[in-house]
Amino acid sequence: MRLIHTESLQFHEFEGRGSQLPPYAILSHTWGDEEVTFHDMASRPRSREDLARKKGYAKITQTCRLARQQNLEYAWIDTCCIDKSSSAELTESINSMFKWYEDSAVCFVFLSDYGACEVDLKACRWWTRGWTLQELLAPTDLTFYDSAWNAVGTKSSLLNEIWAITGIERSALIHKEIISRFSVAERMSWAASRQTTRLEDEAYCLLGIFGINLPLIYGEGRMAFRRLQEEIIKRSTDLTIFAWGTSSVESGIQISRDLFAESPELFHRVWPVRSNGIFDHFESPEFSMTNKGVLFSEEHPLIEFQIPLKFDQTYGLYIGDFEKSRVVILLRKLVPGFYCRQGCFRIPAEESRYWRKLAPARFYIAADLDEWSLSSTMARYRSHALHVPYHGQFRIHYVSPLHLWDVTDRLFLRPLNDANISKDPQVLVLGFTALFGETEIELIVLSQYGQDDVPGGLRIFETTRYPQQARELLEMDPEKPRTLSSLKEIMTDISSATDLTNMIQLTNTERITIRVCFKVVDFPVEKRRTTVNELTFEVTTYEDEWNTY
């Protein structure tokens with residue numbers, strides 16, 4: 001670490017960290033015109049009078065003066081103590097910055113725009129810069145100075161004002177050792193309204209706050225922030241890293257397919273979400289970055305639920321709580337086992353009673369999406385699929401296999417990678433509750449995916465007519481694919497059931513016939529269109545004409 005001697009203003013090099021270094025003062029400020037650089041200070045011969053002509057030289061002399069008043073022999077100032085022409089030194093310095101501010105004996109915050117014009121404290125530029133966030137959090141002893149280098153107050157004495165300006169919890173401001181207890185999303189939100197001159201520094205200025213080290217690659221742009229997030233998930237089980245862009249139900253769902261945020265600014269609407277994984281790291285479910293996206297273990301249960309204020313059903317990943325709300329990532333099913341993020345929003349806690357947890361299974365959330373590939377892949381898995389549109393009179397209560405079912409599109413995805421399907425067709429099971437006046441009828445419809453593009457119709461029957469077979473079907477693992485050969489015994493038992501037609505006696509005088517029909521219809525998939533096989537019901541009675549539902 002390179003320090004300035006506060007009397008001679010000469011550089012001194014020190015090896016080691018923490019207690020191995022002499023006590024030193026450190027300066028926090030915003031960069032301005034004519035800052036004194038390392039090369040300005042190191043070049044010889046050069047008189048102090050030459051350096052003094054630069055506006056930034058006063059920061060060095062005043063910092064050293066204040067340090068001497070506190071009996072400190074050394075000081076550190078970022079403008080001149082780092083040789084920025086050395087990429088190795090710059091990388092080491094930025095990765096050590098939080099620690100250097102944390103280990104300082106005292107930190108002087110110079111507010112160059114406060115005092116002379118009676119500017120309100122919260123209007124100072126210092127609060128808006130990315131690098132000054134860690135410079136606020138890391139030091140224990142921190143004092144603010146106005147433009148004339150008069151003391152304004154300390155971090156402790158101005159605690160309420162700082163909290164009001166930054167939104168950072170007072171405990172985090174005073175006790176730096178508990179910063180890691182705050183969720184990833186909340187720590188990101190502290191930087192959401194701050195700016196840096198270079199895009200890459202949006203990520204690099206947060207390294208110390210997350211305890212991360214990264215190589216610096218200036219020129220990579222937003223990829224720096226992406227690399228930071230990927231590094232965080234290698235060390236943390238906190239799902240709130242995906243809680244950016246969070247909105248309330250009332251404000252609507254903000255659709256965004258990217259799993260990772262593009263910048264800290266997207267965390268600006270994040271509330272202090274409490275993630276289940278923050279305080280029990282070793283017991284929390286695992287997720288990790290792969291070349292297919294982020295892989296979530298089966299301990300992360302997906303949920304299926306209806307979006308409040310809408311009729312749409314969708315998938316979600318519950319990531320934490322905020323007050324009386326549940327914070328959920330909305331997911332779109334792409335293909336079996338793969339999803340993409342559609343947004344993140346709060347759901348009132350009372351709505352969570354309508355959630356249905358899906359059976360445990362590993363799944364991926366895509367991290368990088370090419371729109372053309374996305375729509376093309378989704379269309380292939382949905383082409384000639386079995387689609388079940390919403391029927392007010394026929395409500396679905398059971399589907400199998402679940403890994404093929406897409407609750408959003410209400411269809412069974414085609415099992416494109418199943419080479420055996422032509423030899424042994426896969427059976428699709430649908431359980432319906434049909435309403436006829438005050439009468440409820442439980443029905444099971446069996447269809448199949450074979451080598452043809454058109455789903456085959458097998459049977460429709462009332463559960464009360466074949467109770468044992470119905471129970472066997474509904475008690476089987478809904479995640480496990482069922483082939484025609486595996487259901488041979490059941491199919492034999494219900495062989496007397498009429499194919500795709502079922503006659504039901506409602507009352508002594510009223511009888512109905514329910515018939516399952518398939519028709520080919522156009523179906524939108526993202527920015528494409530494909531065709532699906534739509535399942536509909538035709539119901540007739542003795543006295544009524546045919547009605548289609």
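1. Two strands pair if DSSP finds at least two bridges between them; strands (E, at least two residues) and helices (H or I, at least four) are DSSP runs, numbered from the N terminus.

2. A word on the model, which is predicted: local features need pLDDT of at least 70, side-chain atom pairs count only at pLDDT 80 or more, and totals for chains, interfaces and linings use all residues. Residues are numbered from 1 along each chain as its sequence is written, and side-chain values use heavy atoms, leaving out hydrogens and water.

3. Arg-515 has Glu-538, in strand 27, as its bridge partner.

4. Helix 12 (residues 371–382) reaches 16 Å from its first C-alpha to its last. Its buried residues (under 20% relative accessible area, 1.4 Å probe, protein chains only) include Leu-374, Met-378 and Tyr-381. After helix 12 comes His-384, with a positive phi near 60°.

5. Do have a look at Arg-410, in the loop between strand 19 (405–406) and strand 20 (411–412). Arg-410 is buried yet has no salt bridge (a side-chain nitrogen of Lys or Arg within 4 Å of a carboxyl oxygen of Asp or Glu). The nearest side chain of opposite charge, Glu-304, is 8.4 Å away. Not counting residues up to four places away in sequence, Arg-410 touches residues including His-387, Tyr-390 and Trp-405.

Key. Buried < 20%, exposed > 50% of the residue type's maximum accessible area, 1.4 Å probe, protein only. Lys, Arg positive; Asp, Glu negative; His and termini not counted. Contact = heavy atoms within 4.5 Å. Expected span 1.5 Å × (residues − 1).
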